[in-house]
Amino acid sequence: MIPDLPPPLAERLSGLRIAARSEPIGLYLHVPFCLDRCTYCSFATTRDRSLQPQTTARLIAQVRAWGAALDRPAVDTLYLGGGTPSLLSARELADLTTALHDAFDLTPLVEATFEANPGTVDLAWLQGARDLGWDRVSLGVQALDDGLLGRLGRIHGAAQALDALDLTLQAGFRRRSADLMVGIPGQSLSKVVEDARTLTATGIDHLSVYLLDLDKACPLRAEIDAGRLALPSEDEVADVFEALQEELPRLGLAPYEISNYARPGGESIHNTRYWERRPYLGLGPSAASQLGDFRWTESSVIPAWTEGRGELDFQELDAAETLAEIPLLGLRLHRGVDWGALHRKAEALNLRPLCDGWEARLRALAKEGLTVWEGDRVRLSARGMLMSNGILQMFV
Ligand code: SF4
């Protein structure tokens, strides 16, 4: 039994155990510390690192407690995100990794990713992580323009980002991803494409391309609201995504999800599990979990989480919600959704009319060139991907 397991989870422990044993799960661990706060960030993270020893100790304790509570389930993907996991000391990372091996069955492990900020990595730390078995690194580059990076409040410049990518290679990482951001005030279309080319030339096997998404409370939003900076228009942003859709495959990176491109075999196995609705356990402030029909998010208040008194946001999905999540998430993938299988599932759940309603709308969208039906499968077209927010609303 986990000592501080909140009631909604304690009451459902047997169901959680069954879900965690149905197939290998993914494990996400959130490290909520950063050297500085980026101007656009709304993640659960802080630059107050005085809490780092206690927060990391609780994270390690939670790894051990959850491993015991779920009967040491099998794990096939690990993801250390944040925040800035590369701010963990070598000792903290080693202790966390040892706890993972002790508490979970890592025999089926196929991928162990950590996120890193280019302003925090050095060769010795990276080699240490590699020696501990972490085999994939995701580097938050965002842009290769010092002016734009300064506007975003990033702690690194463009040259440092490229140096960091080089260090990851020297440390022996063959699986390397970079993040690129679209929609930064002052960013030009040609510069995004040029940055994508430069990053691809470093030999990365994966690129994530995200639209700048501004929370109401972040400093960059205040600058925009005050009229000191302007966001690019929707048309300009759509042009960038279209240009990348054309250019990246030419550079060897094929799209496999709305925001993600990879060389063959370079797809993120951990992130793909979210879109395939496979089970995962998330530990740390703001971390989300989904086991069976249970979903919960831990408190994003870092001191509260660290002291074990954070509020849990718990949800038990009903059959219709579970069914809707399959196309809601699956249509983000370029291979789309097996609609025949969805139909059979809907029939078994007595939800055939719901499924038929979605199908009618997806078939109507095919006439507008936004979806593509191939036999029993349906996927979004390249233009449908650009308009996915609106299309996927039907499943919410
Ligand atoms: S490094 Fe990442 S998590 Fe940290 S403040 Fe910047 S965007 Fe947020």
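Q: Where does G83 lie?
A: G83 is in the loop between β2 (75-82) and α4 (90-103). Helices (H or I, at least four residues) and strands (E, at least two) are DSSP runs, numbered from the N terminus.

Q: How are residues numbered, and what kind of model is this?
A: Residues count from 1 along each chain as its sequence is written. The model is predicted: local features need pLDDT of at least 70, side-chain atom pairs count only at pLDDT 80 or more, and totals for chains, interfaces and linings use all residues.

Q: Back to G83. Is the peptide bond from G82 to G83 cis or trans?
A: The bond from G82 to G83 is cis, with omega near 15 degrees. Most peptide bonds are trans.

Q: Which residues are around the ligand?
A: C34, R37, C38, C41, F43, T45, G82, G83, T84, N117 and G140. Here a residue counts as near if its C-beta atom, placed from the backbone, lies within 6 Å.

Q: How does that shell divide by class?
A: It has 4 nonpolar, 6 polar and 1 charged residues. Ala, Val, Leu, Ile, Met, Phe, Trp, Tyr, Cys and Pro count as nonpolar, Asp, Glu, Lys and Arg as charged, and the others, Gly among them, as polar.

Q: L88 next. Buried or exposed?
A: L88 counts as buried because it has 24 C-beta neighbours inside 10 Å. The cut-offs are 20 or more other C-beta atoms within 10 Å for buried, 12 or fewer for exposed, and partly exposed in between, with C-beta atoms placed from the backbone.

Q: And where is L88, and what does it touch?
A: L88 lies in the loop between β2 and α4. Not counting residues up to four places away in sequence, L88 touches V31, T56 and L93. Contact means C-beta atoms, placed from the backbone, within 7 Å.

Q: New topic. What is the phi of D71?
A: About 65 degrees, a positive value, although D71 is not a glycine. Most residues other than glycine have a negative phi. D71 is in the loop between α3 (52-69) and β2.

Q: Is D71 buried or exposed?
A: Exposed, with 10 other C-beta atoms within 10 Å.

Q: What about R72?
A: Phi of R72 is positive too, near 50 degrees, and R72 is not a glycine. R72 also sits in the loop between α3 and β2. With 14 C-beta neighbours inside 10 Å, R72 counts as partly exposed.

Conventions
Two residues are in contact if their C-beta atoms, placed from the backbone, lie within 7 Å.
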